[in-house]
Amino acid sequence: MSEYKRSHNCGDLNAKDDGQEVCLMGWVDTRRDHGGLIFVDLRDRYGLTQIVFNPNQDSLHVAKDLRSEYVVAIKGQVRKRPDAMVNKKMQTGEIEVEASECKILSAAKTPPFQLDDDNVTEALRLKYRYLDLRRPKMQKNLQVRHLLTNHIRQFLNTQDFLEIETPILYKSTPEGARDYLVPSRVHPGSFYALPQSPQTLKQLLMISGYDKYYQIARCFRDEDLRAERQPEFTQLDLEMSFVDIEEVKELNQRLVSYLWKELRGQDVGTIPTITYDEAMNRYGNDKPDLRFGMELQDITDMMKSSSFKVFSDVANREGGAIKGLICPNASDFSRGKIDKLMNVVKKGGAKGLVWLKWEKDKISSPVSKFFDDASIKDIITKMGGKEGDIAFIVADDWGITCASMAALRLHLGEELNLIDTSKDAFTWVTDFPLFDYDPNEKRWIAMHHPFTAVKEEFLEDMLNDREENFPNLRAKAYDLVCNGYEIAGGSIRIHQNEVQAAMFRALRISEEEAKQRFGFFLEALHYGTPPHGGIAWGLDRVAMILCDTDAIRDVIAFPKTAKAYDAMSESPAPVDRAQLLELGITTLKSQTNKT
RNA sequence: GGGGUGGUAGUUAAGUUGGUUAUAACGCUGCCCUGUCACGGCAGAGGCCGCGGGUUCGAGUCCCGUCCACCCCGCCA
């Protein structure tokens with residue numbers, strides 16, 4: 001028997017290869033045994049090729065033993081299939097390979113799930129991830145992800161950006177998420193932190209004069225997971241010197257346009273910009289899904305003198321807001337359906353949901369004793385509705401009203417199929433508040449991060465510590481939103497140390513604490529810092545959109561479960577006491593000692 | 001930390017008001033089959049009904065607890 005050397009992959013061959021002697025290697029996808037004749041679909045990441053084993057060939061005996069997922073090498077001749085037997089669904093369906101020789105390179109146990117079954121529970125897929133990753137869908141997703149990073153690099157490399165790596169073993173970053181810590185053996189009792197983002201490092205690179213930097217950076221945050229959140233994830237991190245907001249947006253607009261044209265075949269056009277306040281008031285959140293309308297309507301002022309006390313109280317109270325939306329042609333919503341919507345708004349914190357139905361010749365509402373038919377029609381009309389519509393209204397503190405109505409809007413958008421999935425909808429969201437008040441700690445915290453520059457018109461307020469104006473301060477921060485996902489966020493950074501000092505005063509971070517936590521960075525600001533700014537993309541979320549999936553796990557080769565557990569390697573796991581001793585952390589109770 | 005949904009052959013699911021031997025499809029095993037590509041036919045094996053406790057003459061089914069997976073809130077600058 002002669003040597004096997006792969007000549008083609010399983011997606012290569014077509015009619016013009018008719019007659020060629022080839023050698024293919026791959027996995028047995030399916031075997032169809034006709035007694036005297038056996039068909040095997042051989043699979044690799046390039047495709048499927050039908051192998052036919054004829055009774056006059058010795059290889060038929062080997063083919064009898066083949067089972068799903070066996071790895072085999074076959075030699076044979078490419079044969080054009082007769083017209084009636086062409087399989088138009090297959091890339092290689094014009095041909096088949098008549099096997100003269102077949103060698104089992106590796107047998108396989110019966111897989112714990114069928115690779116062609118798209119309904120397998122995720123727990124099982126994650127435990128046997130290496131099998132899950134054989135499925136064409138996952139292979140396609142990871143290929144798209146590869147193309148994404150590849151195109152990002154291609155684009156940025158032509159724009160004078162340098163790709164620079166920054167450390168994974170680093171120092172705890174300020175005011176952020178919970179850190180993952182790594183104990184130091186050489187410095188007992190001291191810890192590295194895995195970076196939540198390369199934020200300070202990329203700013204230092206600007207101070208070092210690298211001008212334009214990017215990195216496809218792994219980031220770590222020890223917080224609870226979500227469908228679009230993993231404890232370790234990837235950012236496209238980039239930073240530019242001597243720029244203001246417009247330059248950063250312009251560069252990213254071109255990057256998005258390039259990526260979407262190449263990878264999605266879409267012309268994204270000019271990405272619109274809305275302010276944070278506008279986003280909140282029109283959509284209830286700062287990452288609006290603009291693939292459908294159904295904008296929120298504010299009726300706070302209209303309700304100030306209402307006889308419905310719930311409304312008038314909220315309308316007249318400091319920080320109260322009454323918002324609603326019109327659900328068109330939905331006046332036939334059943335009571336049960338509306339009750340379910342109650343649960344939706346409760347997610348946002350609302351205590352109740354008021355609805356006004358304008359059916360033909362009939363007005364109905366749970367609050368109809370406070371509003372006569374004419375005024376209900378008036379409210380619906382002023383909200384942009386008409387006969388046949390239903391209006392949903394929430395009255396609460398502004399934040400709760402926004403969050404509740406945002407949840408309701410998204411729910412209705414999905415349920416009523418209002419979302420146009422044929423085209424992705426981007427928007428910039430800008431003018432974020434600089435500060436957010438933390439009522440628990442009774443202090444201001446940075447909404448973005450403490451290196452974010454304030455807009456010029458508010459600089460005086462900051463430098464003079466005018467705390468009463470803090471709620472009005474707006475940052476030079478911007479998010480890029482696509483289909484309701486925040487896919488990128490960034491800001492222009494503080495490059496003057498007196499401004500940075502004012503920021504720390506505002507955040508009640510003492511000089512001593514600031515020095516201890518990131519003194520190196522503050523000192524660097526004194527050595528000639530260019531104005532700079534940048535952005536960080538959630539690369540996984542972009543990949544999700546490009547792969548048309550709503551689970552981040554589908555675009556990560558080896559993801560973790562909702563409990564941050566790796567079901568395949570069974571990690572995290574206890575370690576030997578000896579390892580802990582060496583790291584000087586035996587004062588912590590070892591899990592191996594746990595009862 | 002809180003809420004929701006789910007956990008039944010290898011897989012995906014059905015399982016009524018608690019009541020004989022817990023079903024089906026796919027997969028798996030064996031036999032048959034020379035043109036299939038969701039191959040077909042015949043036969044067969046395969047179940048601590050997530051785990052622990054309780055109610056009951058009797059629990060997959062009811063109750064309590066617990067674990068796991070997914071989704072949401074909190075959290076994620």
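Tutor: Start with burial: buried means under 20% relative accessible area, exposed means over 50%, and partly exposed lies in between, with a 1.4 Å probe and protein chains only. Tyrosine 276 is buried, and phenylalanine 432 is too. This is a predicted model, in which local features need pLDDT of at least 70, side-chain atom pairs count only at pLDDT 80 or more, and totals for chains, interfaces and linings use all residues. Residues are numbered from 1 along each chain as its sequence is written, chains are lettered from A and ligands numbered from 1 in the order in which they are written, and side-chain values use heavy atoms, without hydrogens and water.

Student: Why is phenylalanine 308 called buried?

Tutor: Its relative accessible area is 9%. The limit is under 20%, so phenylalanine 308 counts as buried.

Student: What makes phenylalanine 370 partly exposed?

Tutor: Phenylalanine 370 has 32% relative accessibility.

Student: What share of chain A is buried?

Tutor: Buried residues are 50% of the 595 in chain A.

Student: Why is the pair of tyrosine 276 and phenylalanine 432 called tilted?

Tutor: The ring centres are 5.3 Å apart and the planes stand at 40°, so the pair is tilted. It links distant parts of the chain, 156 residues apart. Tyrosine 276 is in helix H7 (residues 276-283), and phenylalanine 432 is in the loop between strand S17 (426-430) and strand S18 (435-438). Helices (H or I, at least four residues) and strands (E, at least two) are DSSP runs, numbered from the N terminus.

Student: Why are phenylalanine 308 and phenylalanine 370 also a tilted pair?

Tutor: Their ring centres lie 4.7 Å apart with planes at 35°, so this pair is tilted. Phenylalanine 308 sits in the loop between strand S12 (297-298) and helix H8 (309-316), phenylalanine 370 in the loop between strand S15 (362-364) and helix H10 (373-382), so the pair ties together parts 62 residues apart in sequence. Ring pairs join Phe308, Phe311, Phe370 and Phe371 into a cluster.

Student: How do you know that lysine 337 lies over the face of phenylalanine 333?

Tutor: A charge sits over a ring if NZ of Lys or CZ of Arg is within 6 Å of the ring centre and within 35 degrees of the ring normal. Lysine 337 is at 4.6 Å from the ring centre of phenylalanine 333. Arginine 409 lies over the face of phenylalanine 292, at 4.1 Å from the ring centre.

Student: Which residues come nearest to RNA strand B?

Tutor: A residue is near a strand if one of its heavy atoms lies within 4 Å of it. There are 50 residues around RNA strand B, and Asp33, Gln114, Met447, His448 and His449 come nearest. Sugar and phosphate make up 53% of the atoms of RNA strand B within 4 Å of the protein.

Student: What makes the approach of asparagine 87 a polar contact?

Tutor: A polar contact is a pair of N or O atoms within 3.5 Å; within protein, one must be able to donate a hydrogen and the other to accept it, and residues adjacent in sequence count only if both atoms are side-chain atoms. A side-chain N or O atom of asparagine 87 is 3.1 Å from a base oxygen of RNA strand B. A backbone N or O atom of aspartate 33 lies 2.2 Å from a base nitrogen of RNA strand B. For methionine 447, a backbone N or O atom is 2.2 Å from a sugar or linking oxygen of RNA strand B.

Student: What makes the backbone at aspartate 465 worth a remark?

Tutor: Most residues other than glycine have a negative phi, and most peptide bonds are trans. Phi of aspartate 465 is positive, near 55°. Alanine 564 also has a positive phi, about 60°. A cis peptide bond joins serine 571 and proline 572, with omega about 5°.

Terms used. Rings of Phe, Tyr and Trp (its six-membered ring) pair if their centres lie within 6.5 Å; planes under 30 degrees apart count as stacked, over 60 as edge-to-face and the rest as tilted.
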